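Please keep the 3D view open and follow the points in order.

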Amino acid sequence: MKNSTVLDVRELECAYGTVKVLSGISFQLEPGTILGIAGENGAGKSTLVKCICGLLKPAAGQIQRQVPAAAIHQEFNLAPDLTVAENIFLGREPECGSMLKKKFMAEKTEQLLDSLGVSITPETLVSALTVAEKQMVEIAKAVGSDSGILIMDEPTTVLTQTETEKLFSLVRALTAQGKAVIYISHKLDEVLSLCSRIMVLRDGAMAGMYNASELTPRLLAEKMVGRELSRIFPDKLPPPAGVPKLEVEHLCARGVNDISFSLHAGEILGVAGLNGAGRSELAETLFGLRKITAGTVRINGKEIRLRSVRDALKNKIAFLTEDRQGSGLLLDFPIDLNMTLAALPEYKKAGFLDFKKIARKALQYIKSFNLKCASPAQAVRHLSGGNQQKAAIAKCLDTAPEIFIFDEPTRGVDVGARREIYDFVHSLAGKGAACLLISSDLEEVLGLCRRIMVIRNGSCAGIVSGEELTEQHIIRKAAGVEK
Ligand SMILES: Nc1ncnc2c1ncn2[C@@H]1O[C@H](COP(=O)(O)OP(=O)(O)OP(=O)(O)O)[C@@H](O)[C@H]1O
Ligand SMILES: [Mg+2]
């Protein structure tokens, strides 16, 4: 191993039980550099991270680390009942009296969060944080461990552009200090702008190592999937006509302040805004998860009662939550049960669950979403991140809804599968469903929607359409610099 190498991986092989997931992986990492890893869902990226961190024992090959490695894993690893500071120092608490320790931890935590441009009180319980805040704490925790190798597995899926930029300047500063970084993301433009070299994984093997300067997002995507790609967005649907399917007037709830809009059958209405602006709060209110304090909701022109999830389901509203692991899926349950969970009464025969029917339905979803799994009976926990997302979508679809609320549907999903999800949303709307698409990915809402509602401070900052459908207009409205 060269002197200047902090990590040397040779002919690495890795398996879960008897299923081989990685093989023939060899690369080196030099201090002060950022190596990107790209690959489709299930290619083996997170598995590689676990091997490097020592969480998973390789089946063959060698990993030599000259310095400790810290990782931000794809799924949250925080202890919900501990404070932010306690989480950041978990396992490496300073050794001094408890008063001093508390003060030291609080100060250090504040400093770390400051460098990321977030203000969270160190004493806050992690369970009280939003998803984006949790992610920031994960980042602070890894950075704070002061390890020579920093690995980031999809760190920005829940972050906005501004937050992402803050993270990038921090990463660049850390590499300037000599740290080595491994960066994994499905946001290919991010990978290309941040990393100097990019390793592409395909089906657990190295499909190539490239200099970022030789690639474009499209080229990189093609290396990932191993074929040429067609356009990512389907043609936009025709503008909807007739009476609206859903009419929301002066809606108020905790975090939602006087929002009015209408949504037609056959329409995909985009919802944009900064993190914490109230987009998910609006979604939760429309799904009966938040108490409506004022305003009305009408479906097909008739005012509905919306006091619980049951009310929402009865009115054929479905919701894909942004917090897949927190409230979307039962991780230790099999894939097929998860997919059919929301409509379980449909699968009862003479009072018993018809497991054959459940498995059949699940296989259909697995096929149409191209979900990679060993079998429908596999626990959802053992799926790769993007494939868990596909399972969550299937679950929400299975209730045969007429109104869909998608909160960040393509989070952590690779380019190929993203196209499948877009086609899917598109065909749902094409068949007459009314879709609300919340996304932090502006390209995504701009690519699919004719109208985009911008949320700011819990209120509607405007509905953008026609010539105003540009990134710039939306960002300015979201930030409050344009009325
Ligand atoms: N604990 C586990 N038990 C069994 N199989 C697993 C487990 N974790 C992952 N796998 C399988 O290993 C393969 C690689 O998964 P991995 O999570 O490394 O993919 P990934 O490249 O990180 O994908 P994504 O982009 O979706 O995050 C997948 O086929 C997945 O189903
Ligand atoms: Mg992963």
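1. Let us begin with a term: a residue is near a molecule or strand if its C-beta atom, placed from the backbone, lies within 6 Å of it. Which residues come nearest to ligand 1? Of the 21 residues around ligand 1, these are Asn-41, Ser-46, Thr-47, Ser-384 and Gly-386. Helices here are DSSP runs of H or I with at least four residues, strands are runs of E with at least two, and both are numbered from the N terminus.

2. Before going further, a word on what you are looking at. This is a predicted model, in which local features need pLDDT of at least 70 and side-chain atom pairs count only at pLDDT 80 or more, while totals for chains, interfaces and linings use all residues. Residues are numbered from 1 along each chain as its sequence is written, and chains are lettered from A and ligands numbered from 1 in the order in which they are written.

3. Back to the ligand. The shell around ligand 1 holds 5 nonpolar, 13 polar and 3 charged residues. In this count Ala, Val, Leu, Ile, Met, Phe, Trp, Tyr, Cys and Pro are nonpolar, Asp, Glu, Lys and Arg are charged, and the others, Gly among them, are polar. Domain 1 (7-225) and domain 2 (246-479) each supply at least three residues to the shell around ligand 1; the domain bounds come from an automatic or database domain assignment.

4. Is Asn-387 buried or exposed? Asn-387 counts as buried because 25 C-beta neighbours lie inside 10 Å; the cut-offs are 20 or more other C-beta atoms within 10 Å for buried, 12 or fewer for exposed, and anything in between for partly exposed, with C-beta atoms placed from the backbone. Leaving aside neighbours within four places in sequence, Asn-387 is in contact with Asn-41, Gly-42, Leu-371, Lys-372 and Cys-373. Contact means that the C-beta atoms of two residues, placed from the backbone, lie within 7 Å. For Asn-387 and Lys-372, 15 residues apart along the chain, the C-alpha atoms are separated by 6.5 Å.

5. Now the chain as a whole, which has 16 helices and 21 strands. Its radius of gyration is 23 Å, in agreement with the value near 23 Å that a compact globule of 483 residues would have; this radius is taken over C-alpha atoms, and the globule rule is 2.2 Å times the number of residues to the power 0.38. The C-alpha atoms fill a box of roughly 70 × 50 × 50 Å along the principal axes. Buried residues make up 45% of the 483 residues. Among contacts with a separation of 6 or more, 68% join residues 24 or more positions apart.

6. How do the domains sit relative to each other? The C-alpha centres of domain 1 and domain 2 lie 28 Å apart. Their contact takes 20 residues from domain 1 and 20 residues from domain 2. On the domain 1 side, H4 and helix H7 (217-225) are the elements that give two or more residues, and H7 gives the most, with 3 residues. By class, this side of domain 1 has 8 nonpolar, 8 polar and 4 charged residues.

7. Helix H4 (residues 131-144) deserves a look of its own. The end C-alpha atoms of H4 are 20 Å apart, which agrees with the 20 Å that its 14 residues should span at 1.5 Å a residue, where the expected span is 1.5 Å times one less than the number of residues. Because 13 of its 14 residues are buried, H4 is largely enclosed by the rest of the structure. Just after H4, Asp-146 takes a positive phi of about 60°.

8. Other backbone angles are worth checking too. Most residues other than glycine have a negative phi. Glu-11, which is not a glycine, has a positive phi of about 45°; Glu-11 lies in strand S1 (residues 7-16) and counts as exposed, with 12 C-beta neighbours inside 10 Å. Asp-203 also has a positive phi of about 45° without being a glycine. Asp-203 is in the loop between strand S8 (197-202) and strand S9 (205-211) and counts as partly exposed, with 15 C-beta neighbours inside 10 Å.
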